Amino acid sequence: MSDLSDVELLVVTSRHCPHCATLKRKLDKSGISYTELSVDDDEFARRLADALDIMAVPTLVARKGNEYCRIRIDKDKGIVPEKCVKIK
């Protein structure tokens, strides 16, 4: 998984997170499409956060089929998966 061309990008957020708003603005400005999942309002977002050991928001997650990977973006390596799980 080296680029976003074959995955859906998810952004795990919470309602009162200033860094979440900043990340979403940067993604929007860059023309990168994403789906926001708020742990405040979405049971699936909470299950996903628990399964991927997400302890802080915003967190980027790449989805391909039923596989979800917590990711980070490295300027030299591109997309780096940190933890992946399969969820039905």
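Strands, like helices, are taken here as DSSP runs, with at least two residues in state E for a strand and at least four in state H or I for a helix, and they are numbered from the N terminus. By that reading, D74 belongs to strand β4. The model described below is a predicted one.

β1 (8-13) and β3 (59-64) are joined by five bridges and run antiparallel. Within this pairing, V12 sits opposite T59 of β3. On to the next partner: β3 also pairs with β4 (67-74), again in the antiparallel sense and over five bridges. Here L60 is the residue that faces I71 of β4.

N66 is placed in the loop between β3 and β4. With a relative accessibility of 35%, N66 lies between the 20% and 50% cut-offs, and therefore counts as partly exposed. Its contacts reach another part of the chain: setting aside residues up to four places away in sequence, N66 touches V85, K86, I87 and K88. For K88, the separation from N66 is 22 residues in sequence, while the C-alpha atoms are 6.0 Å apart in space.

Which side of the burial cut-off does R70 fall on? Its relative accessibility is 19%, and buried means under 20%, so R70 counts as buried. Beyond its neighbours within four places in sequence, R70 is in contact with several stretches of the chain, including L52, D53 and I54, T59, L60 and V61, and V80, P81, E82 and K83.

Helix α1 covers residues 18-30, and its 13 residues reach 19 Å from the first C-alpha to the last, close to the 18 Å expected at 1.5 Å a residue. C20, L23 and L27 are the buried residues named in α1. Viewed down the axis of α1, the buried residues fall within an arc of 65°, so they line one face of the helix. The cover over these buried residues includes β1 and β3. On the face turned away from the buried side, α1 carries the exposed residues P18, R25, K26 and K29. Following the helix comes G31, with a positive phi near 75°.

Helix α2 spans residues 43-51. Its N-terminal end is capped by D42, with a side-chain oxygen 2.8 Å from the backbone nitrogen of F44. The buried residues of α2 are A45, L48 and A49. Seen along the axis, these buried residues fall within an arc of 100°, so they too line one face of their helix. Among the elements that cover them are β1, β2 (35-38), β3 and β4. Just after α2, D53 takes a positive phi of about 55°.

Finally, how many aromatic pairs does a search of the whole structure find? The search returns one. The pair consists of F44 and Y68, whose ring centres are 5.6 Å apart and whose planes meet at 55°, so the pair is tilted. It links distant parts of the chain, with F44 in helix α2 and Y68 in strand β4, 24 residues apart. The two partners can also be placed by accessibility. F44, at 23% relative accessibility, counts as partly exposed, whereas Y68, at 9%, counts as buried.

Note on methods
Residues numbered from 1 in each chain as written. Predicted model: local features only at pLDDT ≥ 70, side-chain atom pairs only at ≥ 80, totals over all residues. Heavy atoms only, no water. Expected span 1.5 Å × (residues − 1). Buried < 20%, exposed > 50% of the residue type's maximum accessible area, 1.4 Å probe, protein only. Arc of directions from axis to C-beta. Contact = heavy atoms within 4.5 Å. Pairing = 2+ DSSP bridges. Phe/Tyr/Trp six-rings, centres within 6.5 Å; stacked < 30°, edge-to-face > 60°. Polar contact = N/O pair within 3.5 Å; in protein donor to acceptor, adjacent residues only side chain to side chain.
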